[in-house]
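Have the structure open as you read.

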Amino acid sequence: MEAWAKDQGIEGSIITFLADTRCEFTEALDLVMDHPGPMEVLGNKRSKRFAFYAEDGVIKHLAVSEGPDDPAGDSDPSASCVDAMLAAI
């Protein structure tokens, strides 16, 4: 996560990158991508493509990019991209 933050120019800012290696947080949010297509390719459980905005530990806005034929949100990730998130908050 540190290398990713550094690559994205986030290192040392107020933004924190967190890993969920055991999928505990993802399961608690009910955002596990369990569609058979991605599971066959990726093997392990993964999270859906999402972004959230939180204040004082309370999620104020949650956006998930997915579609009926696109469980990973690859075709249209816009719901969880920065423009949509800024508009929502």
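Let's start with D74, which is exposed because its relative accessible area is 53%, over the 50% cut-off. Keep in mind that this is a predicted model.

**Salt bridges**
- The total comes to four salt bridges.
- D74 pairs up with R49 in one of them, with N and O 2.4 Å apart.
- D74 sits in the loop between β4 and α4 while R49 is in strand β3, so this pair ties together parts 25 residues apart in sequence.
- R49 is partly exposed, at 33% relative accessible area.
- E66 and K48 also form a salt bridge, at 3.4 Å from N to O.
- E66 is in the loop between β4 and α4 and K48 in the loop between β2 and β3, so that pair links parts 18 residues apart in sequence.
- E24 and R22 make another salt bridge, their closest N and O atoms being 3.2 Å apart.

**The case of D70**
- D70 is buried but has no salt bridge: R49, the nearest side chain of opposite charge, is 6.7 Å away.
- What does the side chain of D70 reach at 3.1 Å? That would be the backbone nitrogen of D74.
- Leaving out residues up to four places away in sequence, D70 touches S75 and D76.

**The largest pocket**
- The largest pocket holds about 1500 Å³ of space.
- Its lining has 33 residues, and T16, F17, F50, A51 and F52 are the closest to its centre.
- β3 gives the largest share of that lining, six residues.

Note on methods: Residues numbered from 1 in each chain as written. Predicted model: local features only at pLDDT ≥ 70, side-chain atom pairs only at ≥ 80, totals over all residues. Heavy atoms only, no water. Buried < 20%, exposed > 50% of the residue type's maximum accessible area, 1.4 Å probe, protein only. Lys, Arg positive; Asp, Glu negative; His and termini not counted. Polar contact = N/O pair within 3.5 Å; in protein donor to acceptor, adjacent residues only side chain to side chain. Contact = heavy atoms within 4.5 Å. 1 Å grid on protein atoms, 1.4 Å probe; cavity = no way out; pocket = protein on both sides within 12 Å on 5 of 7 lines; lining within 4 Å. Points joined across faces, edges and corners; volume = space filled by probe spheres on them. Helix = DSSP H or I, 4+ residues; strand = E, 2+ residues; numbered from the N terminus.
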